[in-house]
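Please open the model in your viewer and keep the selection panel at hand.

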Amino acid sequence: MFFVEAADLVRHFEQGVLRLEHEPTDRETLDRIFRGAHTLKGLSGMLRYDRIARFTHGLEDFLTRLRKGDLAVTAAVTDKLLAAADALGTLVREAGEASPTSAVDLDESLGMLADVADIRRASPAPRASDAATDGGTLRVATEKVDRLVDLVGELAVSQSMVAELVARIGPVHGPLQEAVTRMDRRVRELQERVMNVRVVPIQHVFARLPRLVRDLAHAAGRHVVLHTRGETTEVDKSVSEYIVDPLTHLVRNAVDHGIEAPDERERAGKDRVGRVEVSAYQQSGNIHIEVSDDGRGLDRDRIRAQAVAGGLIAATDVLGDRELFAFIFRPGFSTADRVSEISGRGVGMDIVARNIEALGGSIGIRTERGRGTTFHLTLPLTLVILEAQCLRVGGGVYIVPLLSIVECVRPRASDLHVLLHGVETFTLRGEVLPLIRLHRLFSLEPSSREATDGVVVIVERDGEKVALLVDELLAQQQVVIRSLETNYRKIEGLAGATILGDGSVALIVDVPGLLASSRARPDRRAMAPSTTTGGNP
Amino acid sequence: MSARILIVEDSPTMRMLIRSALEEGGYRVAESEDALQALAVVQEVAPDLVIADVNMPELDGISLVRRMRTFPAFRSVPILILTTESSDEAKQRGRAAGATGWITKPFDPAQLRDVVGDVLRVQAPQ
């Protein structure tokens, strides 16, 4: 028992020293290190491990000087402490093996601790490894903060486990309930604050746009002024990094395709100088970014012609604006007359769509012929925490991001149809949507074979909808996303995993992936709005 | 009926050492691994004597003594603090907080039983 505990103590001691190296003034860490050495001293004294006792005694003296502020925690100090940790680890191991000889020269090691002359000589400034203070602000490596975010996320999960266990006990006595509630509140607050550490104003992203617009306008022979609004809108650092590319593409697109040449504008009765506006705001738990121009607007007919030429639709198909405009996000789809240096090669918009999707966001288009186009991006506030709807499918719990759910309905038999090739559809107020039975996708046994016993969850991405059949709707909760691929291979239809309040693992349904695969089916055309019937019971 | 003793000590090895020393003396022993846990169970355990380590994370032994002394039922229950010879200061603070006495580490099992026996004898006539 002693050796297990002693080895633990040494390990914690070492971890404490490493921590102290980064936070030299952290009193609590210093106290903890001291306590570890102290406990070890007491134990080894009791059990007559004299060498350990002697060494820890010297170590304790050294730590006492640090605690009293007699010595500052400098790099020289942490170096000594780490050397002490090594010596201690060896001593403990040797005691465990009842080794007759020792690799540690006790006098030398103790002398090393006692001689503080070199510390006094060394600069009193703490080692500034990756933290630098600057007028009350602190620069910290992102990965450190990320680790914190991860930990807090896991803490939140553990907390909800506790809460759920307590709830399961049934009515418990007041103090316990109260303590759990209080802890819950604190964890939430902690989580918010830690997330907040990673938040940066979107200004950092916007800052590069003026130069970009200037250069693009110059190259394209346009006169353009850029307006930005909402620069102070705060976004998670990860989000801000990922939106740089999509945003750049959209602004390029606006200048290059949206804004007309000055003469053309004049002929249309518009100001020769075009206007591009980029704005950001936060609303209902999401970040919204809009890129609008007052240019010519999307050319419906041209997009349509291109889609027909590309075999995406038949010439006779009737498409709404939404479906039609969605084509511009397809790889290789371009309506530009000339292939410019920067856009018009059909690359760009598909990358935009893909990046936004990867972020768990969505993109929408508003356009008016001759008046301009607005691209509207909706992004989650953070990429780590997901507002989730839990669903039961067979015996498993699955999760769909709340952001992508349009509505949930109990299906009537008359809304369900099977088309040719076994493709099923669900009719939502006249709109025919592909229906995916999740249990079938994940090879699970449903609670009931009757679809009418289940619930249909309508999910949407970029204006495209799919109906998912599940057994039951469960609670909504915040979950921490973990990538599946680090643990498993990539599984079709799943985006990641999380741990729920009760400790069970829930898998996150990959909504964009499902939409893409339903799109990719050869019989997709059968579901196009032009063929809205297909009554096969 | 032998006396019941509550040990409050964060080190499992030390707990085991104290427990075996006390059980050898015929005492009944309960354990807590920290002061908060001790406060939670002390009413239920209703010990005749408490032995608390001074150096513990969260709440230290001295604070534990101070808090226990605010419970009417534990105003006069003897509490021994466990400390090292080097910390005279801890003994003083322990006394001030209301500890009955102290045991210095390292201790000898027989010596521990002597101290415990003495304290309980003094306490008994009351």
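Predicted model: local features only at pLDDT ≥ 70, side-chain atom pairs only at ≥ 80, totals over all residues.

Residues are numbered from 1 along each chain as its sequence is written, with chains lettered from A and ligands numbered from 1 in the order in which they are written.

Select chain B. Five helices and five strands are found there, arranged along the sequence as β-α-β-α-β-α-β-α-β-α; helices (H or I, at least four residues) and strands (E, at least two) are DSSP runs, numbered from the N terminus. Of its 126 residues, 40% are buried, that is, have 20 or more other C-beta atoms, placed from the backbone, within 10 Å of their own.

Next, show both sides of the interface. Here 12 residues of chain A are in contact with 11 residues of chain B, contact being C-beta atoms, placed from the backbone, within 7 Å. On the chain A side, H2(A) gives the largest share, nine residues.

Now select residues 209–220 of chain A, helix H10. Its 12 residues should span 16 Å at 1.5 Å a residue, which agrees with end C-alpha atoms 16 Å apart; the expected span is 1.5 Å times one less than the number of residues. Colour the buried residues A:Val213, A:Leu216 and A:Ala217. Seen down the axis, they fall within an arc of 100°, so they line one face of H10(A); the arc is that of the directions from the helix axis to the C-beta atoms. These buried residues pack against strand E4 (224–229), helix H12 (244–258) and strand E6 (274–283) of chain A. Turned away from the buried side are A:Arg211, A:Asp215 and A:His218, which are exposed (12 or fewer such C-beta atoms). Finish at A:Gly221, which follows H10(A) and has a positive phi near 70°.

Conventions
Contact = placed C-beta atoms within 7 Å.
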